[in-house]
Amino acid sequence: MPDWTPKQLAAIQARNRSILVSAAAGSGKTTVLIERVMSLLRAGAQIDRMLVVTFTRAAASEMRERLQKALTREARQDRALKKQRDLLGSADISTLHQFCIKIIRQHFQAVEADPMGRVGDEGLLKSLLDRAVEEEMELLYAAPDPDGQQLIDQYRDMQIDDMLRRLYTFLRSQEAPWAWMEGHLAQMDAADPRPAPPPRWPNSASPWPSGRTAPRATCATPRPTWRQRRPWPGSWSKTAACRRTGRRS
Ligand SMILES: Nc1ncnc2c1ncn2[C@@H]1O[C@H](COP(=O)(O)OP(=O)(O)OP(=O)(O)O)[C@@H](O)[C@H]1O
Ligand SMILES: [Mg+2]
């Protein structure tokens, strides 16, 4: 066991309060965290009542492996620790995302989520976002309401695309994204004397409403689409937006 520095010891022994340990690479953060868990287990805590989350799968398996080694070493002299070693397999030592999906699966009805949902990898999430942005842009250009028309007139497609993505990234970091959005739209509407528009989202209590009230294209008078205005990668046909609305031009 290393000779702990006073700060490492303080992090290992702190109890009943939140602590944040920030230290340079290779300075002993994981070692301290393992020792902190071990000292809690020696004092009678249960490994399957703990939550240990990391950002990467590699870090989670490193944590599990190092805990396994420490527990195996000490279990020889301590029967209680032997029990904790046997419980290690069912302990919540995972990435933050894996833990969240586990909770969502356990309570999928309460959050109206797909129980078969899984953690998306970066590539999949990027292509889903690209598709969603593309669909929103097509809807916007197919049937802009007055606000949408103003947006189209004032900004280039690339700028709108960029704003959409940045807004999405920002909203994802909010605890209640749609409530945040409604609050800010209400503030803007209050500053704008025009009549109040209908609610943008039917169920603003839910961050990701299943139904939506996006404007539907009439398709009677074809408008220049954002793709026609600006070359864009991917395949797209003039009637794509119309097909999406179930109407034909
Ligand atoms: N006080 C100490 N005295 C001697 N060695 C130590 C001390 N603290 C940590 N170490 C050793 O330093 C090495 C790196 O520790 P560790 O892997 O915990 O660092 P880390 O901060 O988690 O690294 P990373 O940033 O790469 O995740 C390990 O071999 C560990 O045993
Ligand atoms: Mg580490």
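Modeller: This is a predicted model. Let us begin with helix α3, in which M63, L67 and L71 are buried. Around the axis these residues cover an arc of only 55 degrees, which places them on the same side of α3.

Biologist: Which exposed residues does the face of α3 turned away from its buried side carry?

Modeller: That face carries A58, E65, K69 and R73.

Biologist: Against which elements do the buried residues of α3 pack?

Modeller: Their partners are α2, β1 (51-54), α4 (79-87) and β2 (92-95).

Biologist: Which residues form the largest nonpolar core?

Modeller: A nonpolar core is a set of buried residues joined through C-beta atoms within 7 Å. The largest one here has 10 residues: I34, V37, M38, L41, I47, M63, L67, L71, L81 and I93. Helices α2 and α3 each supply at least two residues of this core, and α2 gives the most, with 4 residues. Apart from this core lies another, of 5 residues, including L140, Y141, A142 and I160.

Biologist: Which residues does I34 touch, not counting those up to four places away in sequence?

Modeller: With those neighbours set aside, I34 touches R66, L67 and A70.

Biologist: Does a helix always have to be read in this way, or may we take another case? What of α8?

Modeller: Helix α8 (residues 157-172) has 16 residues and reaches 23 Å from its first C-alpha to its last, close to the 22 Å expected. Of its 16 residues, the number buried is 1, so α8 lies largely in the open.

Biologist: Which residues come nearest to ligand 1?

Modeller: There are 13 residues around ligand 1, and P2, G28, K29, T30 and T31 come nearest. By class, this shell has 4 nonpolar, 7 polar and 2 charged residues. Helix α2 (residues 29-42) gives the most to the shell, with 3 residues.

Biologist: How many helices and strands are in the chain?

Modeller: The chain has 11 helices and 2 strands. Buried residues make up 12% of its 249 residues. Among contacts between residues at least 6 apart in sequence, 57% join residues at least 24 apart.

Definitions and conventions: Residues numbered from 1 in each chain as written. Chains lettered and ligands numbered in written order. Predicted model: local features only at pLDDT ≥ 70, side-chain atom pairs only at ≥ 80, totals over all residues. Near = placed C-beta within 6 Å. Nonpolar A, V, L, I, M, F, W, Y, C, P; charged D, E, K, R; others polar. Buried ≥ 20, exposed ≤ 12 C-beta atoms within 10 Å, placed from the backbone. Arc of directions from axis to C-beta. Contact = placed C-beta atoms within 7 Å. Expected span 1.5 Å × (residues − 1).
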